[in-house]
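Visitor: I'm new here, and I'd like to know where the labels come from. Could you bring the structure up and take my questions?

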Amino acid sequence: MDHNKLALPVGTTLDRFIMRKQEDFPYATGELSQLLRDIALAAKIVNREINRSGLIDIAGAYGSQNVQGEDQQKLDVIANIRFIRALRNGGEVCTIISEEDDEMIQTGNNQGKYVVAIDPLDGSSNIDVNVSIGTIFSIYRRVSPTGREGTAADCLQPGTHQVAAGYVIYGSSTMLVYTTGNGVNGFTYEHSLGEFFLSHPDIITPKTGSIYSINEGSSDSFSPGVAAFVQHCKDQQFSARYIGSLVADFHRNLLKGGIYVYPATAKNKSGKLRLMYECNPLAFIVEQAGGKSSNGTRRTMEIEPKIPHERCPFFIGSKELVEKAESFIAKDTEACDHKPAPEPTPKKAVAAK
Ligand code: P6P
C-alpha cells in the first residue's frame, strides 16, 4: 500500500501561503505578511467567541449605538477590541478606521507603514439567530511619512490604492478570503488544528448568474432604473437570495454567480453600506475574481472618499449582471435628461393699475 495514503497531506496553511506569496514581491520586507497573520489571529479568536456566544453571556445587544446610530451587539464590541488589539500589538499598522469608532484610531505604531479600514463584525444583528456573519477589511500603505501618527489623507484613499483586502465569513465553516492584487484565495479554518488551510485557490466568479440579492422591502423607494433591473431579474426567473448579512450574500454570489445590490432608498439616501470598510474591500476582491462593482454609474474603487464612514450605493457581483443593472440605470438617467422641461407656470395677468 502506498504509505502516503496512510498520512494524506493536510494542505497549505495560510501562514505558508502568505510566505510563498511574499516571495512574489522581491522587495517585500514581510510587514504586509505579518499584518495578514495578525488579522488571521484575531479572526480565530473572534470565531471562537462567536461559536460560544449562545453559551456565555456575550450574545445580544450591548446597550449602546455606534457612530452609525446602529444598536451595537456585544459581539460587535468584542470583535472591535480583538481586531484593534491584534493590529496594535502586531506593530505594522499606524491608524485604523473601524465601523465601531467615530474617530480614526491611532495605534501608537507611528513607524507602521499601513492603515486598515475594518468592519469588525458585519451583520451582527443576525448573531442571535445563527445566521452567518463576517469581518471585512481593507489595507492601504500610508501616504504620510513614518514617525508620526497617521493622517486623514492616509485613511481617505480611493479603493484603487488598496494593497490588500479580505473578509472572514463565520458560517457553517469559517473561511478567510483575501487578495493582494494577484488573484483571490480562500482558506477554511480547521478548528482541531487552529489553522486556516487553502481550500479555494484562485477564485474566479462566474461572468453571469441567476441570483439577485436586494431587500425588496424598500422597493417603493427604488429609482426607476433599479426597479426596472429587479423586474428584469424576475422576468428572467432568477432566484431571490437575501440573507441580510452582506458577507454571506457576497460570498455565495462570488462562488455561484449573482449580484448584490444595496441602492439608494428613502431610508438610506446614499445607500446603507460604507465605502471604506464594506464596499471597497469587496470591490477589490470581486474585480480580482473577474467580477465588477459600482455605485450604479461609477466604479466603486474610483470613488474619492470624503469622510471615514461615507456610504455609497452598491452593485457588486458577476460582471454581466452589474453591467445589466448599470444599463437600466443609464436608460433611466437618459429618460430624465431628455424629459421635456415642465411647462413654466403661466404668470397671472397683472391687472393694469
Ligand atoms: P437591510 C447588516 O447590517 C448590513 O450592513 C449588511 O450586512 C446587510 O446586507 C445589510 O446591512 C442589510 O440591510 O436594510 O436590508 O436590513
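Guide: Let's start with Tyr242, which counts as partly exposed at 31% relative accessibility. A quick note before you ask more: this is a predicted model, where local features need pLDDT of at least 70 and side-chain atom pairs count only at pLDDT 80 or more, while totals for chains, interfaces and linings use all residues. Residues are numbered from 1 along each chain as its sequence is written, and side-chain values use heavy atoms, with hydrogens and water left out.

Visitor: Where does Tyr242 lie, and which residues is it in contact with?

Guide: Tyr242 lies in the loop between β12 (239-240) and α6 (246-256). Those names come from DSSP runs numbered from the N terminus: helices are H or I with at least four residues, strands are E with at least two. Leaving aside neighbours within four places in sequence, Tyr242 is in contact with Ser213, Ile214, Asn215, Asp249, Tyr260 and Tyr262. Contact here means heavy atoms within 4.5 Å.

Visitor: Which residues does the UniProt "binding site" annotation with Tyr242 cover?

Guide: That annotation, from an unreviewed entry, covers Asp122, Gly123, Ser124, Ser125, Asn215, Tyr242 and Lys272. The lining of the largest pocket takes in Asp122, Gly123, Ser124, Ser125, Asn215, Tyr242 and Lys272 from this set. UniProt positions are given in the numbering used here, feature names are shortened, and annotations may be inferred rather than shown by experiment.

Visitor: What makes Gly123 buried?

Guide: Its relative accessible area is 15%, which is under the 20% limit, so Gly123 is buried. Gly123 is found in the loop between β5 (114-122) and β6 (133-141), and it touches Ile133 and Ser245, not counting residues up to four places away in sequence.

Visitor: What makes something a pocket, and what volume does the largest pocket have?

Guide: On a 1 Å grid over the protein atoms alone, a pocket is an open set of points with protein on both sides within 12 Å along at least five of seven lines, whereas a cavity is a set where a 1.4 Å probe fits but cannot get out. Lining residues have an atom within 4 Å of a point. The largest pocket has a volume of about 600 Å³; grid points are joined across faces, edges and corners, and the volume is the space filled by probe spheres set on the points. It is lined by 34 residues, of which Glu70, Ser125, Gly244, Lys272 and Arg274 lie nearest its centre.

Visitor: How do you know that the largest pocket lies between domain 1 and domain 2?

Guide: Domain 1 (12-200) and domain 2 (211-337) both give residues to its lining, so the largest pocket lies between them. The domain bounds come from an automatic or database domain assignment.

Visitor: There is also a "binding site" annotation on Asp119, Asp122 and Glu278. Why say that they gather at one spot?

Guide: That one comes from an unreviewed UniProt entry too. The three span 160 residues in sequence, yet no two of their C-alpha atoms are more than 8.6 Å apart, so they gather at one spot. The lining of the largest pocket takes in Asp119, Asp122 and Glu278.

Visitor: Are Asp119 and Glu278 buried or exposed?

Guide: Asp119 has 0% relative accessibility, so it counts as buried, and Glu278 is also buried, with a relative accessible area of 0%. Asp119 lies in strand β5, while Glu278 is in helix α7 (residues 275-288). Asp119 touches Glu278 and Glu99, among others; the contacts of Glu278 include Asp122, Leu246 and Phe314.

Visitor: What makes the phi of Asp202 worth a mention?

Guide: Most residues other than glycine have a negative phi. Asp202 has a positive phi of about 45 degrees although it is not a glycine. Asp202 is found in the loop between β10 (195-200) and β11 (211-213). With a relative accessible area of 52%, which is over 50%, Asp202 is exposed.

Visitor: And why is Gln237 called exposed?

Guide: Gln237 has 71% relative accessibility, over the 50% limit, so it counts as exposed. Its phi is near 55 degrees, a positive value in a residue other than glycine, and Gln237 lies in the loop between α5 (224-235) and β12.

Conventions. Buried < 20%, exposed > 50% of the residue type's maximum accessible area, 1.4 Å probe, protein only.
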